[in-house]
2 protein chains.
Amino acid sequence: MQISSRFTVAVHIFACIHTFGGERKVTSEFLAMSTNVNPVIIRKILSQLKAAGLVDIARGSGGATIAKQLCDINLLDIYNAVECVGGGGLFHFHENPSEQCPVGRNIHRVLDDKLVRVQTAMENELSSITLEDVMRDVDRLVKS
Amino acid sequence: MQISSRFTVAVHIFACIHTFGGERKVTSEFLAMSTNVNPVIIRKILSQLKAAGLVDIARGSGGATIAKQLCDINLLDIYNAVECVGGGGLFHFHENPSEQCPVGRNIHRVLDDKLVRVQTAMENELSSITLEDVMRDVDRLVKS
DNA sequence: GATGTTGTAATCTTCTTGATTACAACATCA
DNA sequence: TGATGTTGTAATCAAGAAGATTACAACATC
């Protein structure tokens, strides 16, 4: 099972705004071309990024811009914005283990803290990478 | 998007074998009761654990046993055994970004190493937790 | 008001997961 | 040897999630 592609699409969106934002209006249509993802999906992701305060969107005239400094946005911000981890966390528990069985009754209690540790390790690494780091590589590759 | 419940079910299976293996035969039927997961699914997970060398299964007579010392099995072993991460990795890329767009052409190159770092951080944490750690908590809770 | 864009609902397809049924293969024991 | 209980596995089904697509209202700008 994999983390949905919305996350990599979102980073792609930032890379496009960063690269093309100076010269042209970056619309959902344009982003759809670059990512090869449906423009409605792009608009949905943009909405989530906007709700998280990461981008600004011009309603009628169109075009998205980055709402913060590159060094003030990290990959965890983006991940949290687009992966609707509705309380569930990274790991999916089997629901309704037997209350009769002493193992079933306690499995949640046993695993919860350990899986939180794992998820936190992942999130810490995500938060250590900023868009500044990403765009450094984007600039290097795009301009060569 | 979440990691499938097969992983927590697999840990639950180990906890059952550890707890009940001495007194009774731990069959897929029994595990199905404790986990509240279909016995065929249990058998499938057991097969994967067996293929990874983590459990032994008695074919005709029935019953599963743990194939290694508890301290020699960690959560990453179990994760890799049951999450068929077929080369894909934790993150799902949007396929076919535009080759015409300089960003689309390079987004994979930009993100790959960073996402590998994130995945490695998660795997390192998973591998730091052994079944011995898990069973310590299981014993404490089950026997109280 | 014409135009281009965003916001959003509704529907459809595809994929994945897990549930379920069915049955062959196998080991054990009477 | 045959009855019994179990595993291995294929086939089918249902449910949920993700993304594609169509459609259209809301909005800003000219």
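Helix 3 of chain B gives the most to the surface near DNA strand D, with five residues. Here helices (H or I, at least four residues) and strands (E, at least two) are DSSP runs, numbered from the N terminus, and a residue is near a strand if its C-beta atom, placed from the backbone, lies within 6 Å of it. This is a predicted model, in which local features need pLDDT of at least 70, side-chain atom pairs count only at pLDDT 80 or more, and totals for chains, interfaces and linings use all residues. Residues are numbered from 1 along each chain as its sequence is written, while chains are lettered from A and ligands numbered from 1 in the order in which they are written.

Let us stay with the DNA for a moment. DNA strand D is surrounded by 25 residues, the closest being A:Ser5, A:Asn38, A:Val40, A:Gly60 and B:Gly62. Two or more residues come from each of helix 3 of chain A, helix 2 (28-35) of chain B and helix 3 (39-51) of chain B. By class, this surface has eight nonpolar, eleven polar and six charged residues; Ala, Val, Leu, Ile, Met, Phe, Trp, Tyr, Cys and Pro count as nonpolar, Asp, Glu, Lys and Arg as charged, and the others, Gly among them, as polar.

Now look inside chain A. Helix 1 and helix 3 (residues 39-51) of chain A pack at an angle of about 75°, with their axes 10 Å apart. Axes are lines fitted to C-alpha atoms, for helices over the stretch in contact, and angles run from 0 to 180 degrees between N-to-C directions. Helix 1 of chain A is therefore roughly perpendicular to helix 3 of chain A, a label for angles of 65 to 115 degrees. Helix 1 of chain A brings A:Arg6, A:Val9, A:Ala10 and A:Ile13 to this contact, and helix 3 of chain A brings A:Ile45, A:Leu46 and A:Leu49. Residues are in contact if their C-beta atoms, placed from the backbone, lie within 7 Å.

Next comes the meeting of the two chains. Their contact takes 51 residues from chain A and 51 residues from chain B. On the side of chain A, the largest share, 16 residues, comes from helix 5.

How is chain A laid on chain B? A turn of 180° and a shift of 0.0 Å along the axis do it, with an RMSD of 0.0 Å, after least-squares superposition on the C-alpha atoms of residues with pLDDT of at least 70 in both. The two copies are thus related as by a two-fold rotation axis.

Notes: Two residues are in contact if their C-beta atoms, placed from the backbone, lie within 7 Å. Angles under 35 degrees count as roughly parallel, over 145 as roughly antiparallel, 65 to 115 as roughly perpendicular and the rest as oblique.
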